[in-house]
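Please prepare a short briefing on selected side-chain interactions in the structure below. Keep the points grouped by topic.

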Amino acid sequence: DAGAAYPGTCRHLTPEQRARKEAEGRRPALRLLCPDDDEECFTDLVLGPQRLSLKSCGGDFALRRSDGVWAYQLAVVADDMRMEVTQVVRGEDILLSTPRQLLLYRLLGGTPPAFAHIPLLYDEEGERLAKRHRSLSLAALREAGCRPEAVVGHLAHLAGLQQTPSPVTPATLAERIGGPFPWHVLPKERIVIPGGVERLWKS
């Protein structure tokens with residue numbers, strides 16, 4: 001996600017104030033100045049039309065961290081531009097990065113890709129599925145005797161790609177879908193996995 005909003009602590013420092021901080025041993029981060037009223041508009045392949053202000057996405061964001069490492073937003077845009085990426089599919093938790101990246105594409109003279117932000121999987125307590133759900137790792141499911149086709153079938157059902165959670169191979173599912181991927185069928189809200197999901201995968 002966007003992380004904590006930048007409060008503008010060093011936004012208007014004078015050259016003298018900057019020099020004083022550096023003399024004290026402070027190492028500056030390099031940030032991109034984002035006017036408070038700037039907005040980015042785009043149409044997400046899953047979520048539809050989006051209009052987000054850069055201020056609501058955290059404001060001035062880092063291009064290079066204070067330790068000298070180039071920051072994520074600049075690195076990913078430069079990398080995708082160099083590889084001529086035309087479509088980015090990622091979790092909805094990265095949505096707030098998109099306005100920042102669209103601004104960088106424009107400033108760097110690049111053509112932004114199409115974006116698709118897909119819903120994440122959550123447990124019944126509202127927690128995003130993560131490493132702490134060790135029983136749901138693919139390795140653990142495989143060791144428990146769960147067939148890969150069962151996992152694919154349940155995920156396809158949750159994604160709206162088939163009416164039942166019946167087992168299916170990725171190749172068969174792709175064949176059924178046929179042409180372009182039907183982004184419109186994907187849920188726009190988070191997907192909650194019911195309790196006892198380990199048994200669900202094996203059914």
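Asp93 has a relative accessible area of 27% and is therefore partly exposed, a class lying between buried (under 20% relative accessible area) and exposed (over 50%), as found with a 1.4 Å probe on protein chains only. This is a predicted model, in which local features need pLDDT of at least 70 and side-chain atom pairs count only at pLDDT 80 or more, while totals for chains, interfaces and linings use all residues. Residues are numbered from 1 along each chain as its sequence is written, and side-chain values use heavy atoms, with hydrogens and water left out.

**Salt bridges**
- With a salt bridge taken as a side-chain nitrogen of Lys or Arg within 4 Å of a carboxyl oxygen of Asp or Glu, the count comes to seven.
- Asp93 pairs in this way with Arg128, at 2.9 Å from N to O, and Arg128 is partly exposed at 42% relative accessibility.
- Arg11 forms a salt bridge with Asp60, with the closest N and O atoms 2.9 Å apart; Arg11 is partly exposed at 25%, whereas Asp60 is buried at 7%.
- Arg106 and Glu40 meet in a salt bridge of 2.8 Å, N to O, and Glu40 is buried at 6% relative accessibility.

**Surroundings of Ser97**
- Ser97, at 4% relative accessibility, counts as buried.
- Its side chain makes a polar contact with the side chain of Gln73 at 3.0 Å, where a polar contact is a pair of N or O atoms within 3.5 Å, one able, within protein, to donate a hydrogen and the other to accept it, and residues adjacent in sequence count only if both atoms are side-chain atoms.
- Leaving aside neighbours within four places in sequence, Ser97 is in contact (heavy atoms within 4.5 Å) with Tyr72, Gln73 and Arg90.
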